Amino acid sequence: MDYIGGLIAAFISVVLINNLVLTKFLGICPYLGVSGRLDMAFGMGMAVTFVVTLAGTVTWLIDHLILMEYGLEVTRYVCFILVIAGAVQLVEMYVRKFFPSLYESFGIFLPLITTNCAILGLCLFLNLWDIQNFVKAVVLSFGAGIGFTVAICIMAAIRENLEMADVPKSIKGAPITLITAGIMTLAFLGFAGMIK
Amino acid sequence: MSSNTNTISLGSTFSRGIWKENPVLRLLLGMCPTLAVTGALKPAITMSICVMFVLTCSNIVVSLMRNLLKPHLRIMMFTLTIATFVTIADLAVKAFAYEMSQTLGPYIPLIIVNCIIIGRAEACASKNNLVVSIVDAIGMSVGFALALCAVAAARELLAAGTLMDFSVMPDKFVPWAAMSMPVGAFVVLGLLLGFINAITNKSS
Amino acid sequence: MQIVKFFIQKSWLLLIAAFCFGVLLAVTNAVLSPMIEKNRIEALNQKMRHLISDANTFEPAVEGVVIADAKTTIYKGLNDANEPVGFAFVGIGSGFADKIQLVIAMDAKCQKLKGFQVLMSNETPGFGDKIKEKWFQGQFNDAPADKLQLSKSGNIEEKDDTIVSITGATISSDAVVSVFNTYIKEVKNILKKEGIIQ
């Protein structure tokens, strides 16, 4: 029971308290780029969740079973980025072949994901947080994807309403989005301290 | 090509990175380090130096092998080059500025996925000769450094009343702690972008 | 055979580049890794020397002990005459937002604390990061190496087992105190078992 409780706590903490977008500034480019419409944002979020879960799991395994075992930590970044690029490529081919309708809806985001810092960032944080447990690594990877989806969807919903607002001309677009994101981080700050 | 046009084009290659195509302020690339490491000036400067090193080296390598690149393995080649130089930069920071490497944490390896670098490899280095690529890399990194330092200076000044750890504000100044939190990063960058937009709107 | 030939034709550049980059990385790593290791030890030593000011060198007393699911090493501080003057170790606990890592020091008899230094923390600026301030850290200096308690009010000058918490950052203060409470008892037990102290 304690074990499952720990996993749930880890999940909540990575979604709300240590949200990659709002506290670690990862994945800001797509956050600003595709948060214009809610359905696009959701598609992007789902695609990222899928890839980050896969990449987080695989890189954790490579890191612990190969790199640390043989003292090859110096090649860690090269391995991680190659795994991510490979995973994105594979997912793209697989989805295009077997789920054409799904490919139509979020296929366009897939190539963009390789350079999404949230993915590589999560893989690096798994190493930095010193996660020793495989199941926990998978839960954290999945949670990071969900956290990204939550942040980008909230942002998209706000921006759809912001369209109607009378914003000064110079801060239309990216500037007002950044300021809104700043206010959102304040709201998310309220979650800190929820888990001890 | 006469030597005269050559100098002009080199000069404009250099200067476009600073203002007309400033990667952060105009193209909105590489936002992640701009927000994450700008809590104070020192980490921002360290980050800029790392980016300059990686960008210059990757542009040199890509430019040298530009005629040998196969289209479908191109991106793979770029990523491999960038990841190698980022690892070298990371090791160097750990060896020569250990405290700074603790502050910057995972944001140095995250240079790998900084869109500026792969973007320049694709748009400039794979099409131009060595000299143009190097000048372009330096111009772009100076533009990046200027944007980073502008945000970092504003945040450090308001959050701690210091610049480069030297106290510059009057004694009565009350530090504005929110500026060193994530919200400070977002709001300062947002207002800076708005300010730049206001200038360009007026001049056009 | 045809496939191998095709493969090499397409990717010879990638293979050669991968080999060159591999060599480059290996050389850089071989040159820089001793310096990195030295820096890491020096950073820890500096914090420990700050706490145990009369110690000259530090050497591991007990290595690889597991306390609260985390591995740590207990260091022994030695003065010029090679006599032990104190013990120090790194303790980890969960703070307000993220984990906090503290360097904690005790005197040679493990009766009094010698304070702590923050090795890594990510607490809220203006509130939780006041655990780095002198008045808060000073309370742990010379306090008894026993169970500590947190209180909202009290005298910060008095060296007793009551720690006055930071206003607006009760959780961060509590995190520091609980790292002390978890580790001090265990470390004392381990040192006794090893026969290093009575």
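Author: Start with a scale for exposure. A residue is buried under 20% relative accessible area, exposed over 50%, and partly exposed in between; the probe is 1.4 Å, and only protein chains are considered. This is a predicted model, in which local features need pLDDT of at least 70 and side-chain atom pairs count only at pLDDT 80 or more, while totals for chains, interfaces and linings use all residues. Residues are numbered from 1 along each chain as its sequence is written, chains are lettered from A and ligands numbered from 1 in the order in which they are written, and side-chain values use heavy atoms, with hydrogens and water left out.

Begin with its charged pairs. A salt bridge here is a side-chain nitrogen of Lys or Arg within 4 Å of a carboxyl oxygen of Asp or Glu. The whole structure holds nine of them over all chains. One joins the side chains of Asp165(B) and Lys42(B), at 3.3 Å from N to O. The two partners sit 123 residues apart and link distant parts of the chain. Asp165(B) is in the loop between β1 (162–163) and β2 (166–167), and Lys42(B) is in helix α3 (residues 41–64). These labels follow DSSP runs, numbered from the N terminus: helices are H or I with at least four residues, strands are E with at least two. Asp165(B) is exposed, at 54% relative accessible area. Lys42(B) is partly exposed, at 37%.

A second pair stays within one helix. Lys94(B) forms a salt bridge with Asp90(B), and their closest N and O atoms are 3.4 Å apart. Both lie in helix α4 of chain B, four residues apart, about one turn of the helix. Lys94(B) is partly exposed, at 28% relative accessibility. Asp90(B) is buried, at 6%. What does Asp90(B) touch, not counting residues up to four places away in sequence? The list is Tyr77(A), Ile108(B) and Pro109(B), where contact means heavy atoms within 4.5 Å. There is also a network of salt bridges, which links Arg16(B), Arg120(B) and Asp136(B).

Arg120(B) leads on to another helix, α6(B). Eight of the 11 residues of α6(B) are buried, so this helix is largely enclosed by the rest of the structure. Arg120(B) is among those buried residues, along with Cys115(B), Ile116(B), Ile117(B), Ile118(B), Ala121(B), Cys124(B) and Ala125(B).

Now the side facing chain A. The contact takes 37 residues from chain B and 35 residues from chain A. The size of an interface is often given as the accessible area lost when the parts come together. Buried area is that loss, found with a 1.4 Å probe and summed over both parts. Between chain B and chain A it is about 3000 Å², and carbon and sulfur atoms give 83% of it. No salt bridges are found across this interface. Three residue pairs are in polar contact, both residues at pLDDT 80 or more. (A polar contact is a pair of N or O atoms within 3.5 Å; within protein, one must be able to donate a hydrogen and the other to accept it, and residues adjacent in sequence count only if both atoms are side-chain atoms.) On the chain B side, α2 (31–36), α4 (74–96), α6 (115–125) and α8 (182–203) each supply at least two residues. The largest share, 13 residues, comes from α8(B). By class, this side has 27 nonpolar, eight polar and two charged residues. (Nonpolar covers Ala, Val, Leu, Ile, Met, Phe, Trp, Tyr, Cys and Pro; charged covers Asp, Glu, Lys and Arg; the others, Gly among them, are polar.)

Turn next to chain C. Here the contact takes 24 residues from chain B and 22 residues from chain C. The area buried between them is about 2000 Å², with 83% from carbon and sulfur atoms. Leu91(B), Ala95(B) and Tyr98(B) supply 25% of the area that chain B buries against chain C, more than any other three residues. Salt bridges across this interface number zero. Two residue pairs are in polar contact, with both residues at pLDDT 80 or more. Helix α4(B) gives the most to the side of chain B that touches chain C, with 13 residues. That side divides into 17 nonpolar, five polar and two charged residues.

Conventions
Buried area = accessible area lost by both parts, 1.4 Å probe.
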